[in-house]
Amino acid sequence: MKELINWYYQLHIDHLEQLNDIYYTNFGDRYIYIISVGKEKNTVFFHLLQLLQYSSTQRVLLSKENTTTVLFENQHYYVLESMTPLHEYVDIKTLNIPVIYPKPYPLASELKQRWLAKTQLHEEQLNVLIDQLPPENRSLFFDLATYYIHLNEQAYTFINEIATTEYLVSLCHMRLTPTTYKYEFFSPQLVTLDNKARCYCEYIRHLYLMNLDLNQVRTFVQIINQVNPLTKEEWQLLYARLYFPTQFYDALYNLRADEEIDVPALYEQAMQYSKLLYQLPYEVYQSTLIELRVPEWVQREAKYSN
């Protein structure tokens, strides 16, 4: 990889660090990042190029052949020069997800179709996966699945309520977490075109599941309201997304990969999840005066779990 950069970009780099799928180095007062685009230069990459044209701290370096990417071992790579380090974690306090389309579009119906397809895929394999568990965990995991299927149904209910709403399109990370590196927002293989509520939804989901701290929910809402306020419709979309059980599907994915999962811990986590679903609308209202409808069963479960 070092030789590739020296040859195509005529940068005399002695050493590269590797972090997950990227390579980087300090180059004078700048940082150089070598980021994979994938086997094909997809739509996200071209939107990323357009966005970087207006950046004052990052720019794409052209190869000596005047191309934005170079091909290496059947993968396209581009080189990003940054005036600030990107191999640090994203700071939610400064995160401003850019809108890339000025014209909004209806997202909910498309989102529901994607969710339905994913749900069907997992539910078709559910019984087979449960049989892979130790006998003492099967009943508990079945109860867990029942709970998350119920969450799914509520997610669809909310999506149906906002089906005609139009949302601005942003360049979003696939799964934003408190341990997401900054460079991942410049990786075409890790970003997607969606509404910015997606990023914030995944961040708060992971933040809460890491430590089950409701105080962080309050802080999160206040920060978003200060840094990058969401509209009422975007808060509705974020809240609907919280009901789609990504964390349960992650567990099913691990089972399919023959990885062990801690079923009792997952069950306890699920029992605490209703507290997040109950608390978020309260914090949103306190900070923005935007009302989100909390289902009665969520109110009952949150109070029961106290």
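A salt bridge is defined here as a side-chain nitrogen of Lys or Arg within 4 Å of a carboxyl oxygen of Asp or Glu. The structure is a predicted model, in which local features need pLDDT of at least 70 and side-chain atom pairs count only at pLDDT 80 or more, while totals for chains, interfaces and linings use all residues. Residues are numbered from 1 along each chain as its sequence is written, and side-chain values use heavy atoms, with hydrogens and water left out.

By the salt-bridge rule, the count is 12. One of these bridges joins the side chains of Arg30 and Asp29, at 3.9 Å from N to O. Exposure was classed by relative accessible area: buried is under 20%, exposed is over 50%, and partly exposed lies in between (1.4 Å probe, protein chains only). Asp29 is exposed, at 57% relative accessibility. Arg30 is partly exposed, at 23%.

A second bridge links Arg293 and Glu161, with an N to O distance of 2.6 Å. Arg293 lies in the loop between α10 (263-288) and α11 (296-304), and Glu161 lies in helix α5 (residues 135-161), so this pair ties together parts that are 132 residues apart in sequence. Helices (H or I, at least four residues) and strands (E, at least two) are DSSP runs, numbered from the N terminus. Both partners are partly exposed, Arg293 at 42% relative accessibility and Glu161 at 47%.

A further bridge pairs Arg198 with Asp194, whose closest N and O atoms are 3.0 Å apart. Arg198 and Asp194 are both buried. Elsewhere, shared partners connect Asp29, Arg30, Arg59 and Glu81 into one network of salt bridges.

Lys112 presents another case. This residue belongs to helix α3 (residues 108-124). Lys112 is buried but has no salt bridge. Its nearest side chain of opposite charge is Glu161, 11 Å away. In this scheme, Lys and Arg count as positive and Asp and Glu as negative, with His and the chain ends not counted. Contact means heavy atoms within 4.5 Å. Apart from neighbours within four places in sequence, Lys112 is in contact with Tyr156, Ile159 and Asn160.

Val79 sits in strand β6 (residues 75-82). Val79 counts as buried because its relative accessibility is 1%. Beyond neighbours within four places in sequence, the contacts of Val79 include Ile5, Tyr9, Ile32 and Arg59. Val79 and Gln154 are 75 residues apart in sequence, and their C-alpha atoms are 43 Å apart in space.
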